[in-house]
There are 2 protein chains.
Amino acid sequence: MLKIRPAVASDAATLRSLILGLAEYEKLTHLVKITEEDLLRDGFGPAPRFRCLIAEWDGQPVGYALFFYNYSTFLGHAGIYLEDLFVWPELRGRGIGKALLLKVAKIAVDEGCTRYEWQVLDWNQPSIDFYESMGASLSKQWIPVRAEGEVLAEMARKSRD
Amino acid sequence: MLKIRPAVASDAATLRSLILGLAEYEKLTHLVKITEEDLLRDGFGPAPRFRCLIAEWDGQPVGYALFFYNYSTFLGHAGIYLEDLFVWPELRGRGIGKALLLKVAKIAVDEGCTRYEWQVLDWNQPSIDFYESMGASLSKQWIPVRAEGEVLAEMARKSRD
């Protein structure tokens, strides 16, 4: 029996283990540094940096969707960016991930957002097929770019003021 | 003579023309719907959806950088996402775009952000070379996905509640 509800502060430990589960699936566990304290501060304090839904199956948390606003200067509207979507592998095939994805779409529409975006790993064919079955478009042209760590620090130092 | 300053409400008309300039460069002019009213509401009201820097050359606005927070659940920190970076073509080659890019990097570092991200079009080799010269990484694996318009509306309708 599936229930989707907003995450609350007492979900921080659960949420961290779900994030670790996602990282494991993406083969990126070595990159995970987030702590429960980070989650409490950034998700459940006075100025939240993200919003999160928890999926429960028979009362147990089994997946999550984590998202925040972005902005389109072409549309002139805020959109929703879905940072994470994850369901424990042993609970897949029950429509839990789909229910999370669609629930965030409903939140986007209810809040007047005209665009809903996320990213997928190019080797993750089941997810690519799933997203395309909904009618979502995979970009062939846009390449994500990132600066972090010492690269970012050096860019900041080179800034004129 | 270059000066970079935060955009203010009275820049809305200027900012819209710069956004149209960016869209023209990206061959996407047909997608631009943003109005001055959208910019005033979303950038300069009580709950801004974005922040913006204006570059002036000899007192005239010639470029802009528009950005907002995103969030990394692996790092456990907010980052900065640079949505737009643009300088009028006839003013290029003077380091204006680089100064805008670096200034936003400095804002990221000053605010404790550990990551700075944006996207580039795969045919835009001058920009790709420029970003790589700074040490930024282009993703080979992550594909941007998008749902909007009727696709998004249909996803929202299919949500269970």
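A salt bridge is here a side-chain nitrogen of Lys or Arg lying within 4 Å of a carboxyl oxygen of Asp or Glu, and by that rule four salt bridges are counted between chain B and chain A. One of them joins Glu148(B) to Arg115(A), with the closest N and O atoms 3.0 Å apart. The structure is a predicted model, in which local features need pLDDT of at least 70 and side-chain atom pairs count only at pLDDT 80 or more, whereas totals for chains, interfaces and linings use all residues. Residues are numbered from 1 along each chain as its sequence is written, chains are lettered from A and ligands numbered from 1 in the order in which they are written, and side-chain values use heavy atoms, with hydrogens and water left out.

As to confidence, pLDDT is the predictor's confidence in each residue on a scale from 0 to 100; chain A averages 96, and 99% of the residues score at least 70. For the complex, the predictor gives an ipTM of 0.94 and a pTM of 0.95.

The interface can be taken next. With contact meaning heavy atoms within 4.5 Å, 73 residues from chain B meet 73 residues from chain A. Buried area is the accessible area (1.4 Å probe) that two parts lose on being put together, summed over both, and for chain B and chain A it comes to about 7000 Å², with 61% of it on carbon and sulfur atoms. On the side of chain B, Tyr71(B), Phe74(B) and Trp142(B) lose the most area to chain A, together 13% of what that side buries.

Polar contacts (pairs of N or O atoms within 3.5 Å; within protein, one must be able to donate a hydrogen and the other to accept it, and residues adjacent in sequence count only if both atoms are side-chain atoms) link 28 residue pairs across the interface, both residues being at pLDDT 80 or more.

The two chains also share sheets. Strands (E, at least two residues) and helices (H or I, at least four) are DSSP runs numbered from the N terminus, and two strands pair if DSSP finds at least two bridges between them. Strands of a sheet pair through backbone hydrogen bonds, either parallel or antiparallel. One open sheet of seven strands, with mixed pairing, runs in the order β1(A)-β2(A)-β3(A)-β4(A)-β5(A)-β7(B)-β6(A). Strands β1 (2-6) and β6 of chain A stand at its edges, each with a single partner strand, so one side of each is left without a neighbour in the sheet. Strand β6 (residues 137-138) of chain A pairs antiparallel with β7 (residues 142-148) of chain B over two bridges, and Ser137(A) stands opposite Arg146(B) in β7(B). Within chain A, β3 (residues 60-72) and β4 (residues 77-87) are antiparallel and share 10 bridges, with Leu66(A) opposite Asp84(A).

Another open sheet of seven strands, again mixed in its pairing, has the order β1(B)-β2(B)-β3(B)-β4(B)-β5(B)-β7(A)-β6(B). In chain B, seven bridges join the antiparallel strands β2 (residues 51-57) and β3 (residues 60-72), where Trp57(B) stands opposite Gln60(B).

Over all chains, the whole structure holds 20 salt bridges. Among them is the pair Arg41(A) and Asp38(A), whose closest N and O atoms are 3.2 Å apart; both residues lie in helix α2 (residues 36-43) of chain A, three residues apart, about one turn of the helix.
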